[in-house]
Amino acid sequence: MNEEYLRKLNTCIQCGTCIGSCFSGKVTALNTRKILMEYIAKGKPVKEDDTIWFCVTCYACQERCPRGIPLTDILIEARKELVREKGLPGRLKNAFGFLAEYSALVPARDEHAKLREELGLPLYHSQFVDGARKEVVEIVRKHLGGVVR
């Protein structure tokens with residue numbers, strides 16, 4: 001964690017506004033404050049707690065933090081550190097692997113493309129249009145190629 005983020009995290013007054021503002025935390029086990037406090041204490045993201053991936057990066061916690069701590073930005077940095085250390089968690093790795101290979105989270109079937117053509121329906125989805133498929137695959141590989149194997 002960079003020094004500026006650490007300095008800002010240490011100004012936290014433990015008011016809980018981040019947790020109360022967290023939309024994801026209302027329906028998942030995400031506890032932003034707990035993750036960040038452990039991040040401060042250990043100096044690195046908590047490897048055993050996958051709830052960090054439940055953050056939807058809506059920035060509600062960051063915008064409402066009375067201390068102006070860039071909480072979402074810090075969570076994103078923590079995720080990057082985790083990915084560099086141990087790669088993407090299983091489900092995300094699979095999802096991005098599909099994106100890199102098929103240009104979609106759920107691979108399309110050739111029979112579906114053929115059926116659409118037979119019915120006179122347009123092939124507008126990136127899974128069916130070669131140019132768009134190649135573009136999506138290139139984007140995913142460019143930005144995630146190092147972590148999707």
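**Helices 3 and 5.** I looked up the packing of helix 3 (residues 32-42) against helix 5 (residues 71-86) in this predicted model. Their axes come within 11 Å and cross at roughly 60 degrees. I therefore recorded helix 3 and helix 5 as oblique to each other. The handedness of the crossing is left-handed.

**Positive phi.** I then went through backbone angles, since most residues other than glycine have a negative phi. Glutamine 14 is not a glycine, yet has a positive phi of about 55 degrees. I found glutamine 14 in the loop between helix 1 (3-9) and helix 2 (17-21).

Threonine 57 lies in the loop between helix 3 and helix 4 (60-64). With a relative accessible area of 29%, threonine 57 is partly exposed.

**Loop between helices 7 and 8.** I looked up leucine 119 in the loop that runs between helix 7 (110-118) and helix 8 (130-144). Leucine 119 has a relative accessible area of 57%, so I listed it as exposed; the cut-off for that class is over 50%. Leu119 makes a nonpolar surface patch together with Leu115 and Leu121, and I noted its area as about 280 Å².

Valine 129 is in the loop between helix 7 and helix 8. I noted valine 129 as partly exposed, at 31% relative accessibility. I also checked valine 129 against alanine 113, which is 16 residues apart from it along the chain. The C-alpha atoms of valine 129 and alanine 113 are separated by 9.3 Å.

Technical notes:
Residues are numbered from 1 along each chain as its sequence is written. This is a predicted model: local features need pLDDT of at least 70, side-chain atom pairs count only at pLDDT 80 or more; totals for chains, interfaces and linings use all residues. Side-chain values use heavy atoms; hydrogens and water are left out. Patches are made of residues with over 30% relative accessible area and no salt bridge: like charges are joined within 9 Å, nonpolar side chains (Val, Leu, Ile, Met, Phe, Trp, Tyr) within 5 Å. Accessible areas come from the Shrake-Rupley method with a 1.4 Å probe; for residues, only the protein chains shown count as cover. A salt bridge is a side-chain nitrogen of Lys or Arg within 4 Å of a carboxyl oxygen of Asp or Glu. Helices (H or I, at least four residues) and strands (E, at least two) are DSSP runs, numbered from the N terminus. Buried means under 20% relative accessible area, exposed over 50%, partly exposed in between (1.4 Å probe, protein chains only). Axes are lines fitted to C-alpha atoms, for helices over the stretch in contact, and angles run from 0 to 180 degrees between N-to-C directions. Angles under 35 degrees count as roughly parallel, over 145 as roughly antiparallel, 65 to 115 as roughly perpendicular and the rest as oblique. A crossing is left-handed if the near helix is turned anticlockwise from the far one by less than a right angle, and right-handed if clockwise.
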